[in-house]
Amino acid sequence: MKQKQEKISIIYRYDDVHAYSRNEPEQVILDCFRNNNIRCVMAVIPFVCAANWRDPNFQEKIPLPKEKIDFIKPYLKAGVCEIALHGLSHQNLRRKNRISHFFPGNRNKNRFSEFYGQNHDQQLKRLIQGKEYLESLFETEITSFVPPWNSYDKTTIRCLDELGFEVLSGENDRSCTSGGNINILSANARINDLQNLIENQTEKPSCLIIQAHAFDFKKIDLKQGQIHYQEFEELIKKIAQHPKLMFTTLKTFASHNKQEKRQ
Ligand SMILES: [Zn+2]
């Protein structure tokens, strides 16, 4: 137990797996984690909106198709990933947002959001529908929630607690402290921070939560992309073999937290 505490925990949280997300980067990631015998988190949108995610007007919703489920399920069964709920449709429902940046800086109030400012019943309904759908498709209990745009409010935490969730991984917002049984594990890094972690041994956070997307990869987005598939595979392998770094999932990290608090 002591040895484990000395390690830096790393959670690789890959967002935006949905009906029309590309399988290629997902397969690269999942194969890489499987080959290194480590685990990651896939944040899945159950009923993704069909058009512009930022447009709050009515949109069609597309359920996760069987092909996507069949593709991910074997990795889940083999323990390669945890499935987290990533909103219901990832549609922005706020009409008053001003700006949106993924990371870092802007507070919840300035972001696009599917949850912030929605009333209790509206939020609860979305969470129940998403959780039940993913649980029936993947035949697993979903206890981690990743709000779209990392945006949530106190009501979100209350609803999650009522539904038996254990983790919320979003923006770090000091006005929303942990409530009930909910662990707030805020995203605090991007893929290039992993490289720094290996090279720079002076600053060591106890837990690094990487918010990852398909556009991190140069193959997917030449402009925003930070890494080639092969570089990614080499980086993950290096970390997996590093004696002081340890990949984990939101669920596992939260349950260790809980045990430590009890002791
Ligand atoms: Zn997202």
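**Helix α6 and its neighbours**

The buried residues of α6 pack against β9 (207-212) and α7. Contact here puts the C-beta atoms of two residues, placed from the backbone, within 7 Å. Helices (H or I, at least four residues) and strands (E, at least two) are DSSP runs numbered from the N terminus. The model is a predicted one, in which local features need pLDDT of at least 70 and side-chain atom pairs count only at pLDDT 80 or more, while totals for chains, interfaces and linings use all residues. Residue numbers start from 1 along each chain as its sequence is written.

Ile191, Leu194 and Leu197 are the buried residues in α6; a buried residue has 20 or more other C-beta atoms within 10 Å of its own, and an exposed one 12 or fewer. Viewed down the axis of α6, the buried residues fall within an arc of 95 degrees (taken from the directions from the helix axis to the C-beta atoms), so they line one face of the helix. Asn196 and Glu199 are exposed, on the face of α6 turned away from its buried side.

The axes of α6 (residues 191-199) and α7 (residues 229-241), lines fitted to C-alpha atoms over the stretch in contact, come within 11 Å and cross at roughly 45 degrees. That makes α6 oblique to α7. In this contact Leu194, Gln195 and Ile198 of α6 meet Leu235, Lys238 and Ile239 of α7.

The protein chain as a whole has eight helices and ten strands. Of its 263 residues, 41% are buried.

How values were computed: Axes fitted to C-alpha atoms, helices over the stretch in contact; angles between N-to-C directions. Parallel < 35°, antiparallel > 145°, perpendicular 65-115°, else oblique.
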